[in-house]
Structures are given as structure tokens and as C-alpha cells.
Amino acid sequence: MSSHIIQVDVFDLVVFGGTGDLARRKLLPALFYRERDDQLPPESRIVGISRATLNRKAYAALVEAALREHLPAEHIDQAHLERFLGRLHHVRLDVTGDRGWQELTALLSGAEDRVRVFYLATAPGLFGPICAKLADAGLNSRRARVVLEKPIGRDLASARRINDEVGAVFAEDAIFRIDHYLGKETVQNLMALRFANSLFEPLWNHSAIDHVQITVAETIGVEGRGDYYDRAGALRDMVQNHILQLLCLVAMEPPTTLESDAVRDEKLKVLRALQPIAGPAVALKTVRGQYRAGATNGAVVPGYDEELGTGAPSETETFTVLKAEIGNWRWAGVPFYLRTGKRLPRRASEIVIVFRSIPHSIFAPDAGSARPNRLVVRLQPNEGVELLLMIKDPGPGGMRLRAMPLNLSFAEAFRARYPDAYERLLMDVIRGNPTLFMRRDEVEAAWAWVEPILAAWQERHETPKPYAAGTWGPSAAIALIERDGRTWHEDAA
Ligand SMILES: NC(=O)c1ccc[n+]([C@@H]2O[C@H](COP(=O)([O-])OP(=O)(O)OC[C@H]3O[C@@H](n4cnc5c(N)ncnc54)[C@H](OP(=O)(O)O)[C@@H]3O)[C@@H](O)[C@H]2O)c1
């Protein structure tokens with residue numbers, strides 16, 4: 001996978017929140033992998049920003065410890081490590097105050113012709129103030145870009161406010177809103193699957209497809225991020241961004257090119273075609289749940305409230321299912337069942353396209369029934385694509401039907417390390433390619449669809465339905481799909 005690597009332009013990358021969890025766990029390891037592939041020009045610098053008092057050496061030690069914690073030891077060789085640590089700087093700065101900006105300006109001065117990336121890995125409430133300070137300090141140079149981490153707001157109004165504040169300093173084409181799902185190899189593979197094969201397109205509509213299931217299941221709980229999560233919940237944390245982006249990639253019309261606006265225009269059309277779920281429909285088309293004590297990964301785990309440890313019962317959902325419908329010719333009558341949750345039985349992100357049943361069976365009843373074909377795109381783990389086909393059970397016992405997968409496992413097919421999404425996305429920011437980033441109108445259209453659901457949940461004061469950790473959510477989630485005569489993919493296996 002390292003055969004096509006082209007060095008990017010010289011850059012200065014400034015990470016606001018350079019000592020935080022995201023920087024230590026994802027951004028710095030991703031950059032180190034790009035170092036290992038010699039993709040970073042020698043002069044490029046990485047500047048961590050935080051309120052901590054850290055000189056260059058101390059910041060390098062912190063970053064080295066993070067790399068050693070999060071990467072396999074055999075991936076860290078001394079030569080690349082030294083080169084990487086040599087790029088690091090740290091500036092102590094409270095983004096809400098006035099001190100420290102002069103040091104940052106001095107560090108970056110003289111390098112105005114470089115690509116300059118400001119990565120905002122801080123709370124979203126700080127995005128606007130940071131951009132205003134960058135403008136005051138004159139740091140928004142000609143080739144400057146800003147990267148915004150999720151969440152961009154917690155509703156439409158706050159998303160608009162953040163977009164306005166950032167947009168007052170940076171032009172839209174210099175704003176990179178990360179949805180790291182879009183950087184996953186398998187998500188991009190969805191584009192290849194749909195648009196580099198002629199097999200699927202004639203079938204990719206309501207006449208051949210019965211319904212679509214998109215599941216993002218986690219086995220973990222809130223893992224020390226309870227403060228953030230309890231204010232967000234599953235709908236805001238997963239559906240508004242990642243799952244709706246996946247839905248867009250499945251449902252969009254073929255863009256004319258892979259050029260960023262061509263793809264994003266098509267995704268936007270899907271978001272705008274989503275039928276609103278509001279008022280009484282919310283009770284029929286949505287379920288929210290919250291985990292109680294149970295067992296995942298073979299271990300007994302506490303319930304959500306105990307894990308939060310605030311002492312007060314929380315009303316936040318850790319699980320949700322939605323029945324989404326797209327009002328256009330291609331998808332009329334094809335529900336998209338969206339499901340996500342924490343403390344579920346297995347970690348899985350997958351898209352299941354369920355085709356229609358055969359129109360007529362020629363087989364005797366004892367042959368068993370022909371199950372509808374399914375195309376399963378596994379985003380993680382065991383990335384791959386599986387097509388479930390009906391075959392004859394081998395043997396002389398007569399005609400017996402059986403479902404078997406045509407299974408393409410990427411790990412087996414390629415035997416290469418799968419790069420983390422952040423590796424690709426960070427290089428795309430430096431290259432100035434926004435295809436895999438969300439445009440302002442997309443983010444706002446996604447919030448506009450989600451908001452009435454949030455409002456109805458709040459109005460109804462309905463507490464989330466309990467489910468035991470290690471199960472697939474409350475029974476209402478199963479009832480929601482079974483009412484339509486369908487089953488969740490794992491139950492159909
Ligand atoms: N962690 C993840 O996996 C993840 C995933 C997706 C999105 N995100 C988003 O990414 C952002 C960062 O998350 P995180 O988990 O890395 O948070 P975190 O661990 O709390 O780190 C926050 C970082 O920001 C710095 N910081 C906070 N206030 C500051 C201020 N006033 N001035 C300067 N620096 C300040 C902190 O350093 P000091 O306190 O020393 O100043 C620290 O480096 C959040 O918006 C989060 O929702 C995180």
C-alpha cells in the first residue's frame with residue numbers, strides 16, 4: 001500500500017488540543033504512520049497547543065509515550081521516530097485569553113507560503129473564539145486551512161452559529177469538517193463497489209432492493225467520555241454525522257466525477273430528500289434505549305448510570321433505531337433502518353442491502369425457502385464485502401436450498417496494514433482536497449432532519465427503554481423492524 005505515496009507540500013500543522021485524547025490516540029499516530037511512509041517533507045512542523053507548560057523536549061516525550069501506547073512496538077523504528085519528534089513544537093496558550101498568541105505568531109512567521117493547517121481538536125464551543133484569535137493575529141495566511149472535529153454543534157442553531165463564526169475567518173473551501181467515517185478505506189470502497197462495477201447499478205433502486213440496514217454497534221460504554229456523551233446521546237453522536245453520511249453514500253445518485261462538489265451535491269440531495277420524522281411518527285419510527293448492567297466481551301459491566309457515576313438517573317439514549325425513508329424515485333418505499341448503540345453484543349459497522357424476494361418459487365416445500373439476497377458491506381471489523389446467495393446444498397439428498405456467502409475479506413485479499421482514516425484525511429487537508437469532508441450545507445441539512453426527532457423525544461419526556469448490556473437493544477428495536485415483516489441481519493443469519 002506504500003507504492004503510490006507522494007510527498008505532500010511543505011506544511012505547518014497546528015493542533016489546538018495537541019495534548020488531548022484525540023491528538024494522542026489518533027492524530028499523532030496517524031501522522032507518524034505518514035512519516036514512516038516518508039510522505040512528510042523534512043521541513044514540515046507539527047505544533048501542539050494546550051494550556052500546559054511544556055517545552056519542546058517535554059512535548060516530544062509526551063508524544064513518544066502516546067505513540068508507544070497506541071502503536072505496535074514493531075511499527076516504531078528509531079530513525080523515523082527521531083525525525084518525527086524533531087518536527088514537534090509546543091506553544092502554551094489558553095485559546096480564550098490573549099497570552100501565547102505572540103509565541104505562535106513568531107514560530108510561524110516567515111513560513112507564510114507553506115500550507116498552514118489549524119486542527120481544532122478542542123470543544124466545539126472554542127472553534128469560533130479560536131478562529132477570531134487566528135484572524136486577530138493575522139495567522140490566516142493564503143494557504144491556511146482549518147479542520148473542525150465533530151460535533152459541530154448540538155442542534156441546527158448551534159451548528160449555524162459555529163459555521164458563521166468559522167466562516168467569518170475562513171472561506172468555505174478552507175474549512176475541513178471531519179467525519180472520520182468518510183476516511184475509512186471500506187467507506188471509500190463503497191464508492192468503488194457502486195461506481196466501478198456495472199453489476200449493481202441496474203439493481204440499485206426500489207425495484208430490486210427491499211430495504212437497507214445500517215448498523216454501527218459498539219461493545220464499549222462511555223469510556224471516560226461520559227461528560228460529553230451524556231450531553232449528546234446516540235442520535236447526536238452517531239446518527240447525525242456518521243450514519244447519515246453512510247446513508248448518503250449508499251443512496252446518492254452517481255456523481256458525474258469524484259470532484260468534491262460533485263459528490264457533496266449528490267449527498268446533499270439525499271439529505272434533503274429524507275422524509276421528516278416528526279410528531280406522532282416519532283413513536284412509530286424511532287426507538288431509544290439505555291443500557292443496564294450486563295455482560296459484553298465476556299465481562300460483567302455496570303449500567304450507564306453507574307458508569308456515569310453522577311448519582312442521578314440520566315435520560316440520555318445510548319441506543320437508537322430509526323426508520324428513515326427517502327422521498328425520491330430511486331428509493332420510494334425502501335426503508336433504511338438505522339441502528340447504533342453502546343454495549344451491544346459485538347463491535348460492528350456494516351451496511352446490509354437486502355434485495356427483494358424471488359417472485360415465484362419453483363422448488364418443492366421441503367427444499368426450504370429462497371432467502372432474499374443480501375449484500376453486506378463490513379466497514380469494521382473484518383473489512384470486506386459479502387454477497388449472500390442461495391445455492392443447492394451439495395449431496396444426493398435432493399434439492400435443498402441453502403444461503404452461502406461469496407466473501408471478500410480485504411485483510412486476506414491484500415495482506416497489508418489498513419491505514420487509519422485520519423492518515424488519509426490529514427493528508428487530504430494538506431493537499432487541499434475536501435471530497436471526504438462535510439460541506440456546511442450537508443451538516444446543516446443533517447441537523448435539520450435530526451432536530452424534530454430530538455424535539456419530539458424531549459416533548460414526550462419519554463425515558464429511554466432499558467436493555468441489558470450485551471444484547472441488541474430493547475425489544476422495541478426488534479418490534480420496529482418486525483412490524484414491517486423484516487428482521488435484523490444477525491437474526492436472519
Ligand atoms: N477523543 C476522541 O476520540 C474524539 C473523537 C471524535 C471527536 N472528538 C472531539 O475532539 C475534541 C477534543 O477531544 P479530546 O477527547 O481530545 O478532548 P480532551 O482529551 O479533553 O483534550 C482537550 C485538549 O484541548 C486542550 N484545551 C482545552 N481547553 C483549552 C484552552 N482553553 N486553551 C488551549 N487548549 C485547551 C487540552 O489541553 P489543556 O487542558 O492542557 O489546555 C487538551 O489538549 C472534542 O470536541 C471531542 O468531541 C474526540
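## Briefing: surface patch, ligand shell and salt bridges

Met404 has a relative accessibility of 33% and therefore counts as partly exposed, since that class lies between the 20% limit for buried and the 50% limit for exposed residues. The model described here is predicted. The points below cover a nonpolar surface patch to which Met404 belongs, the surroundings of a ligand with 21 residues around it, and a selection from the 43 salt bridges that the structure holds.

**Nonpolar surface patch**

- Met404 is a residue of strand E16.
- Together with Leu389, Ile391 and Leu406, Met404 makes up a nonpolar patch on the surface, and the four residues have about 310 Å² of accessible area together.
- Strand E15 (384–392) and strand E16 (401–409) are the elements that each contribute two or more residues to this patch.

**Ligand surroundings**

- Among the 21 residues around the ligand, those that come nearest are Thr19, Asp21, Arg25, Arg51 and Thr122.
- Thr19 places a polar side-chain atom 2.7 Å from an oxygen atom of the ligand.
- The shell around the ligand consists of eight nonpolar, six polar and seven charged residues.
- Helix H1 (residues 21–36) is the element that gives the most to this shell, supplying three residues.

- Glu350 belongs to strand E13, which spans residues 348–355.
- Its relative accessibility is 7%, so Glu350 counts as buried.
- The side chain of Glu350 is in polar contact with the side chain of Arg346, at 3.5 Å.

**Salt bridges**

- Side chains of opposite charge can pair when their charged atoms come close.
- Arg34 and Asp37 are joined through their side chains by a salt bridge, with an N to O distance of 2.8 Å.
- Within this pair, Arg34 counts as buried because its relative accessibility is 8%, whereas Asp37 is partly exposed with a relative accessible area of 24%.
- Glu218 and Lys342 form a salt bridge in which the closest N and O atoms are 2.9 Å apart.
- Glu218 sits in the loop between strand E7 (209–217) and helix H8 (226–232), and Lys342 in the loop between strand E12 (336–341) and E13, so this pair ties together parts that are 124 residues apart in sequence.
- Glu218 counts as buried at 18% relative accessibility, and Lys342 is buried with a relative accessible area of 7%.
- Asp366 and Arg400 meet in a salt bridge between their side chains, at 4.0 Å from N to O.
- Because Asp366 lies in the loop between E13 and strand E14 (374–380) and Arg400 in the loop between E15 and E16, this pair ties together parts that are 34 residues apart in sequence.
- Asp366 counts as exposed, at 55% relative accessibility, while Arg400 counts as partly exposed, at 35%.

Technical notes
Residues are numbered from 1 along each chain as its sequence is written. This is a predicted model: local features need pLDDT of at least 70, side-chain atom pairs count only at pLDDT 80 or more; totals for chains, interfaces and linings use all residues. Side-chain values use heavy atoms; hydrogens and water are left out. Patches are made of residues with over 30% relative accessible area and no salt bridge: like charges are joined within 9 Å, nonpolar side chains (Val, Leu, Ile, Met, Phe, Trp, Tyr) within 5 Å. Accessible areas come from the Shrake-Rupley method with a 1.4 Å probe; for residues, only the protein chains shown count as cover. Helices (H or I, at least four residues) and strands (E, at least two) are DSSP runs, numbered from the N terminus. Buried means under 20% relative accessible area, exposed over 50%, partly exposed in between (1.4 Å probe, protein chains only). A residue is near a molecule or strand if one of its heavy atoms lies within 4 Å of it. A polar contact is a pair of N or O atoms within 3.5 Å; within protein, one must be able to donate a hydrogen and the other to accept it, and residues adjacent in sequence count only if both atoms are side-chain atoms. Ala, Val, Leu, Ile, Met, Phe, Trp, Tyr, Cys and Pro count as nonpolar, Asp, Glu, Lys and Arg as charged, and the others, Gly among them, as polar.
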